[in-house]
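Please look through the sequence and the model shown here, and then read the short report that follows.

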Amino acid sequence: MGASPTSRRRPARGLGPPPPPLLLLLLLPLLGPPAVHGDCGVPTRLTSAQLKEQFRGQQTFSHGAQVSYECRPGYYNPLRKPFNITCLEDNEWSSISDFCERRSCTNPGTPSHGRVDIPVDVKFGSEIYYTCEEGYKLIGSPISTCELSEGKVGWSEAVPDCETIYCLPPPNIAHGMSSAGDQASYAYGSAVTYKCEPSPRGSDKYSLIGNSTISCTLNSQNEGAWSSEPPRCEEPSKPPASLPPDVIDKIKKPEVAHGQVFHLFPVVKKGENITIECNAGYTLKGSSQIQYLGGGKWNPDIPTCNFSVVIIIILAGIFLFSAFGLVFFLYQFYNKRKGTYITDECLKEKTGLNYFVPNEDA
């Protein structure tokens, strides 16, 4: 017997016909790539080397895969052989170290009248410093770096120049002349000497006041400047007729009561200093060192030596203590005399003159 139509096996509800192959092909991109196990990640990054172009951008590598490195710009391979690493079974890359070295820049050169300081070396990334000798000014950059330019290494700055520092012409002085010529400037180290012109007849001779020679030196801004102000030419002034010449600019060493004045000579010249110290028991009121200004004036004024308050207190204490001791001594002496008198009176009563002995025979 044949099976009835109702007893035939029906497909389960919810299950449609199998998807056509075209539909599977459309879903594959959404499902993603199949899981890969046991692969290595991005290779080790080196400071001086990088992966060759064909290996860059790849994120995973299978076991046994090899990648090659090449030196970065500014570095080179001294061994001239390829460097590769391999993806191992433990999902790690084989070890490798930096095999590239920094390239060297050419000799930097030394400026005339200057020097170059190289703290480390002249290789890629290093800095050097330029300085000039004293009396010369640096024109250019004092620092230069070994850097990369158009695939090659070279210095970032040109070698600077060291130019001579000059001073302006020295000033002229009244009633005097100098050895300076008509130059527009004077090089560092140049010297100029001054002297006074002859005095007119009937007048005093001109005297040079100040340094007779000045030289071209440097100021705090490293610029040319003369070592000092030029001297002056002046007539010596005559002292008044009423005063002898030897007392105009000097004075007898002063005396300070209860103190001592220290100076090498018995007279003090204008501008010289003296030192004052007080005797024991006295206190200095004023400055211990003063300067003679001339004309009988001192800066500051001559100090005084005053009796010390401490000494007064000590002497007062000694006096009071002595007075107290004297009073105490007199008091003790008086009491001692008084006691002796009483004793003598008592003994006096017992002497043969005053003591009556009754006559037992009577």
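## A nonpolar patch on a helix

Val310 lies in helix α2, where helices (H or I, at least four residues) and strands (E, at least two) are DSSP runs numbered from the N terminus. Because its relative accessibility is 53%, Val310 counts as exposed; exposed means over 50% relative accessible area, buried under 20%, and partly exposed in between, with a 1.4 Å probe and protein chains only.

Together with Phe307, Ile312, Ile314, Leu315 and Ile318, Val310 makes a nonpolar surface patch of about 540 Å². Such a patch is made of residues with over 30% relative accessible area and no salt bridge, its nonpolar side chains (Val, Leu, Ile, Met, Phe, Trp, Tyr) being joined within 5 Å, and a salt bridge is a side-chain nitrogen of Lys or Arg within 4 Å of a carboxyl oxygen of Asp or Glu. Helix α2, residues 309–349, supplies the largest share of the patch, five residues.

## Basis of the model

This is a predicted model, in which local features need pLDDT of at least 70 and side-chain atom pairs count only at pLDDT 80 or more, while totals for chains, interfaces and linings use all residues. Residues are numbered from 1 along each chain as its sequence is written, and side-chain values use heavy atoms, with hydrogens and water left out.

## The chain as a whole

The chain has two helices and 27 strands, and of its 362 residues 20% count as buried. Its accessible surface, from the Shrake-Rupley method with a 1.4 Å probe, comes to about 26,900 Å², of which 56% belongs to carbon and sulfur atoms.

Leaving aside residues up to four places away in sequence, Ala49 touches Tyr69, Glu70, Cys71, Arg72, Phe99 and Cys100, a contact being heavy atoms within 4.5 Å.

## A strand hairpin

Strands β9 (residues 143–149) and β10 (residues 152–155) run antiparallel and are joined by four bridges; strands pair if DSSP finds at least two bridges between them. Leu148 stands opposite Val153 in β10, and in this hairpin, with two residues between the strands, Glu150 takes a positive phi near 55°.

Terms used
Patch = residues over 30% accessible without salt bridge, like charges linked within 9 Å, V, L, I, M, F, W, Y side chains within 5 Å.
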